[in-house]
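Welcome! Here is a short tour for someone meeting this structure for the first time.

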Amino acid sequence: METTGFTENQLTVREAVGAVCAQFPNTYWQEKDRKEEDPSEFHAALARDGWLGIALPESLGGSGLGISEATMMMQTIAESGAGMAGAQSIHANVYATQPLARFGSAQQLQTTIPNIISGRWRTCFGVTEPNSGLDTLRLATTATRAPGGGDDYLVSGQKIWITCAQVSRKMILLARTTPLEHVTKPSQGLSLFCIDLDRDKPGLELRKIRKMGGRAVDANEVFFDNYRIPADSLVGQEGNGFKIILHGMNAERCLLAGEALGLGYAALARAAAYARERVVFRRAIGQNQAIAHPLADAYMNLEAAKLATYHAARLYDMSAAAAQDGASKQEQQEQPQQQQQQQQHIRQDAVGVAANSAKYLAAEAAFRACERAVMTHGGMGYAVEYDVERWLRECLVPRIAPVSREMILNYVSEKVLELPRSY
Ligand SMILES: Cc1cc2nc3c(=O)[nH]c(=O)nc-3n(C[C@H](O)[C@H](O)[C@H](O)COP(=O)(O)OP(=O)(O)OC[C@H]3O[C@@H](n4cnc5c(N)ncnc54)[C@H](O)[C@@H]3O)c2cc1C
């Protein structure tokens, strides 16, 4: 990828994370995919060098960098050949800790976050449900106060597609605490929890889902049946969960966009190398414009998506900085006036549009690059040894999750173009 224009911090992250990733060659990822085995050594290596706290404040043991740098980290991971599997083994620890760092209790900040940064605990993100799908506000998992006047909650319901639940100690869970019929808007009455996933306790069951790609990381159905969690698992105020989680969702879209870019650039580099070397009809196949032009077109699409991605990440960081309660007066005084004014003018809906657009464009660009990489390889594109088939299987994930292409198109139609809401 062309790196002109990135900040010094982003380039430092790219180089350092790239050096860790270099210890995990494509054969490692082929093997993990084949055996459906968690890349725990990779997660541990990144944790050892402190990368899991990249976007968390220094006061909590993080690096104090932003989503702009975390996106670069996720891109670098995917681009190294680790693909979505490598990225998915890491990313919830980066984005799901964002709302926790901002709204968590002292105890959550002092215990959970340091354990996640050190890699001792892993976390997963529990939002999607089988019966509500993308209609998140209608999710049916409930957390109700345990009878008998105690402080605990009992969780009942089902989550689906929860990545890394098998290896996670924690789950950031979105559940309904006030029934839908008792709230004026469906976005009310949802609460966010940071819970232990303790399978020795009654009321919790995990079932692995067999899937198309990214097989090194587990995906799960999670069943709760009166699963008891302490009241101090609540993050922020009861009923405010959706507002809180939105904070993490825009960060997640930026990271996913970065991951998609990484996959796309990896596939394109591999395709170009093959097109330069593979000789058929006594000339390199890349000399045929039918091979060269689709690759050039894929490159330009990736570059455009790259601009959208790092623009969104920058807006996210600027809005987070403006909102940061902890920003000291002195820090504010030290900032140039123009920068302070810019931060104050970042609207949340502008961040949402930018983050969603970036995720959409990067996912589409990655798909185009990965599909063309397979086709450039001809028959060898279908062979595991050449990696491009693995990346093609994996590049469908950013098109589907965490929000589908269609829902992003709905969102932009409504929020930007002011067209009637279609859902
Ligand atoms: C590999 C993988 C990992 C995941 N990891 C996690 C995770 O860790 N945690 C988590 O909570 N979730 C996770 N997910 C879930 C993911 O976020 C959802 O699959 C995604 O949000 C889509 O929801 P759904 O599958 O229920 O699709 P559905 O809501 O059933 O939608 C199906 C299709 O219908 C379309 N559609 C639905 N309604 C409309 C409409 N009104 N207009 C136009 N089109 C519409 C959708 O765009 C989609 O194409 C993961 C998914 C995958 C595949």
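## Two helices side by side

Let us begin with a pair of helices. Helix α12 (residues 348-376) packs against α15 at an angle of about 145°, and their axes are 10 Å apart. Axes here are lines fitted to C-alpha atoms, for helices over the stretch in contact, and angles run from 0 to 180 degrees between N-to-C directions. Helices (H or I, at least four residues) and strands (E, at least two) are DSSP runs, numbered from the N terminus.

On the α12 side, the contact is made by Asp349, Val353, Asn356, Ser357, Lys359 and Tyr360, while α15 brings Arg405, Ile408, Tyr411, Val412 and Lys415. Two residues are in contact if their C-beta atoms, placed from the backbone, lie within 7 Å. By class, this contact of α12 with α15 has five nonpolar, two polar and four charged residues. Ala, Val, Leu, Ile, Met, Phe, Trp, Tyr, Cys and Pro count as nonpolar, Asp, Glu, Lys and Arg as charged, and the others, Gly among them, as polar.

## How the model is read

This is a predicted model: local features need pLDDT of at least 70, side-chain atom pairs count only at pLDDT 80 or more, and totals for chains, interfaces and linings use all residues. Residues are numbered from 1 along each chain as its sequence is written.

## Strands in pairs

Strand β3 has partners in β2 and β7. With β2 (residues 142-145), β3 pairs in the antiparallel sense over four bridges, and Arg145 stands opposite Tyr153 in β3. Strand β7 (residues 219-229) also pairs with β3 in the antiparallel sense, over nine bridges; there, Phe223 in β7 is the bridge partner of Gln158. Two strands pair if DSSP finds at least two bridges between them.

## Domains and the ligand

The domain assignment gives domain 1 (8-117), domain 2 (123-238) and domain 3 (243-415); such bounds come from an automatic or database assignment. The C-alpha centres of domain 2 and domain 3 lie 29 Å apart, and their contact takes eight residues from domain 2 and 10 residues from domain 3.

Where does the ligand lie? Domain 2 and domain 3 both give residues to the shell around the ligand, so it lies between them. The ligand is surrounded by 22 residues, the closest being Thr128, Gly133, Ser404, Glu406 and Tyr423. A residue is near a molecule if its C-beta atom, placed from the backbone, lies within 6 Å of it. By class, the shell has 14 nonpolar, seven polar and one charged residues. At least two shell residues come from each of β1 (123-126), β3 (153-163), α14 (397-400) and α15 (405-415).
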